[in-house]
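User: I have a structure to read and I am new to this. Can we go through it feature by feature?

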Amino acid sequence: MKQDYYEILGISKNASTAEIKKAYRKKAIEFHPDKNPGDAKAEEMFKKAAEAYEVLSNEDKRARYDRFGHQAFENGGFGGGGGMNMDDIFSQFGDIFGGAFGGGGGFSGFGGFGGGGGQRRVKGSNLRIRVALTLEEIANGVEKKIKVKRKIQDKDTTYKTCSTCNGTGQITRITNTILGRMQTASPCTTCGGSGQMIDHKSVNADAQGLVMNEETVSIKIPAGVVEGMQLKVAGKGNDAPGNGVPGDLLVAIEEKEHPFLQREGDNLHYDLYISLSEAVLGTSREIETVSGKVRIKIDEGVQSGKILRLRGKGIPNINGYGKGDLLVHVNVWTPKTLNREQRDFFERMANDEHFQPKPEKSDKSFFEKVKDMFT
Ligand SMILES: [Zn+2]
């Protein structure tokens, strides 16, 4: 059973944004790995608090969580669910609690190591951003140019070989056991495994010799993406110091609400309201779709609840399995007030044979129509 996010942060369900941030900062400092080295339980709490904050600090996600609980993020969505790794926590929320820890030299705080044995290449931390898209953008695919603040190597920073590990990036320890001498290797803590230390850096560079830089990154978003999906732009995260490789930019997709269309997988739904007269006499109407307007014909005698299927007017499947449909739901609007003359007319028609329901096969019940849609 997953622990409640409010409980993790120790706040009430109606906590304000400021209270949430304050509570998270407190927890992050309490369980910070620098304060609890090698304590797996503290690390677990550190991650849990970040996950809770990730969701509760976002108005949209918080609303979803309040309604559906942890289930809201069950489809492997961004945030919640899968939890966050240390890398992401530092790059995303580091500024909230980072001030409490003076980054004393070394390359601590940097993420994983690329490559296997031998010289390790330090990877810069990942950056995360959210991109909100309209249904039209999702249906057609879009290229977004987004300003990203990422740390890059400062050209005035120079490096020298790490004196602790002599540039190997590893500390080897030899111990005598009953089976003979055993050699164990672990990443060098002085240089973080890169084999290099800062020799000289300019005043505006940080402890790792990096400077903040704003850059416009072009992100190609394929058609058919889904809310919560995450795209990766390789190499557009923070740079790593020295000979390391840059981290990645992770782009979380959000879907903006459409004024008329509702998405259900690759299909779209549209509620069409027509008057009683239009239902009786037939009409034609312009429907908004994700690829422009389309005129559709409504036959005379149409029944309320009829579903018109516009094939291929939905969302392209993200995996290339064709396109969804646009399902137009016909709703006949029954007048709520009538004048004397109209009332007389309908009273006269009350027992008229043309006004008696005579459903045929083509006027399938709602449940049969739903069944049809999924087969
Ligand atoms: Zn070293």
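Analyst: Start with strand pairing: two strands pair if DSSP finds at least two bridges between them. Helices (H or I, at least four residues) and strands (E, at least two) are DSSP runs, numbered from the N terminus. Here S12 and strand S13 (residues 267–275) pair in the antiparallel sense over four bridges. This is a predicted model, where local features need pLDDT of at least 70, side-chain atom pairs count only at pLDDT 80 or more, and totals for chains, interfaces and linings use all residues. Residues are numbered from 1 along each chain as its sequence is written, and side-chain values use heavy atoms, without hydrogens and water.

User: Which residue in S13 is the bridge partner of Leu261?

Analyst: Tyr270 is that partner. Two residues lie between the strands of this hairpin, and Gly265 takes a positive phi near 65°.

User: Where do the side chains of strand S12 point?

Analyst: First, the term: buried means under 20% relative accessible area, exposed over 50%, partly exposed in between (1.4 Å probe, protein chains only). Along S12 (residues 261–264) the side chains alternate. Leu261 and Arg263 point to one face and are buried.

User: Which residues have the most contacts inside the largest nonpolar core?

Analyst: A nonpolar core is a set of buried Ala, Val, Leu, Ile, Met, Phe, Trp, Tyr and Cys residues joined through side-chain atoms within 4.5 Å. The largest has 38 residues, and Ile219, Ile221, Leu249, Ile296 and Val328 have the most contacts inside it. Another core lies apart from it, with 27 residues, among them Ala23 and Met86.

Analyst: Donors are N, O and S atoms within 2.8 Å of the metal (3.2 Å for Na, K and Ca); water is not among the atoms, so sites may look incomplete. The zinc ion has Cys162 (SG), Cys165 (SG), Cys188 (SG) and Cys191 (SG), lying 2.3 to 2.4 Å from it. Cys165 sits in the loop between strand S5 (158–161) and strand S6 (170–177). Cys188 sits in the loop between strand S7 (180–187) and strand S8 (196–200). The pair is 23 residues apart and links distant parts of the chain. Both Cys165 and Cys188 are buried.

User: How are the donor residues spaced in sequence?

Analyst: The spacing is C-x2-C-x22-C-x2-C.
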